[in-house]
Amino acid sequence: MNESITGGLEPDQIEGLRKAFDAFDIEKKGSINTGTIATILRMMGVRVSDKNLQEIISEVDEDGSGELEFEEFCALAAKFLIEEDEESLKAELKEAFRIYDKKGDGYITTSVLREILKELDNKLTDADLDGIIEEVDEDGSGTLDFDEFMTMMAG
């Protein structure tokens, strides 16, 4: 399956989704009723309002059949699973940022960023570090706020 069909899910996530899909495709017709989607998502630990779920189902049920084929089901699940990963990444980055923002000023200096980058990759040369810092500190202030830090780390 190509990535556009699976929405960037990992192979083990796709395997888990296949098992859930097959379990609810009782008639083995290759599709499941959109009414069972909420149940499957709840089993996966995903909480979503009915309104949001209906919006997403209408997005992925391209033929409007009220049935989701496996690829459509993966596309729907990806919206929740990947979003969850992004939230946990943001929380981890916020914690890391807080640790380096020792004074709690809401920013870190580019010299601190240089230390972080060296710890992450000791093969970076001073020229590499200068280039990275120049790129992320667009305004030349010598500091990075959390949003700039997150953009750099996630990008």
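Colleague: Which residues are linked in a network of salt bridges?

Modeller: The network joins Arg-114, Lys-118, Asp-126 and Asp-130. A salt bridge here is a side-chain nitrogen of Lys or Arg within 4 Å of a carboxyl oxygen of Asp or Glu. This is a predicted model, where local features need pLDDT of at least 70 and side-chain atom pairs count only at pLDDT 80 or more, while totals for chains, interfaces and linings use all residues. Side-chain values use heavy atoms, without hydrogens and water, and residues are numbered from 1 along each chain as its sequence is written.

Colleague: How far apart are the closest N and O atoms of Asp-126 and Lys-118?

Modeller: They are 4.0 Å apart in the salt bridge between Asp-126 and Lys-118. Asp-126 is partly exposed, at 48% relative accessible area, and Lys-118 is partly exposed too, at 41%. For those words, buried means under 20% relative accessible area, exposed over 50%, and partly exposed in between (1.4 Å probe, protein chains only).

Colleague: And how many salt bridges does the structure hold?

Modeller: Nine. One of them pairs Glu-15 with Lys-19, at 3.6 Å from N to O.

Colleague: OK, Arg-98 next. Which residue does Arg-98 form a salt bridge with?

Modeller: With Glu-95, and the closest N and O atoms are 2.6 Å apart. Arg-98 and Glu-95 are three residues apart in helix α5 (residues 70–100), so about one helical turn separates them. Glu-95 is partly exposed, with 37% relative accessible area.

Colleague: Changing topic: which residues are buried in helix α4?

Modeller: In α4, residues 50–60, the buried ones are Leu-53, Ile-56, Ile-57 and Val-60. They are on the same side of α4 because they cover an arc of only 105 degrees around the axis. That arc is taken over the directions from the helix axis to the C-beta atoms.

Colleague: What does the face of α4 turned away from its buried side carry?

Modeller: That face has the exposed residues Lys-51 and Ser-58.

Colleague: And Leu-68, is that buried or exposed?

Modeller: Leu-68 counts as buried, because its relative accessibility is 0%. Leu-68 belongs to strand β2, which covers residues 67–69.

Colleague: How far is the C-alpha atom of Leu-68 from that of Ser-31?

Modeller: The two C-alpha atoms are separated by 5.2 Å, although Leu-68 and Ser-31 are 37 residues apart along the chain.

Colleague: Where is the place of Lys-28, and is Lys-28 buried or exposed?

Modeller: Look in the loop between α2 and β1 (31–33) for Lys-28. Lys-28 is exposed, with a relative accessible area of 60%.

Colleague: While I'm looking at loops, where does Glu-138 sit?

Modeller: Glu-138 is in the loop between α7 (126–136) and β4 (143–145). Glu-138 counts as exposed, because its relative accessibility is 71%.

Note on methods
Helix = DSSP H or I, 4+ residues; strand = E, 2+ residues; numbered from the N terminus.
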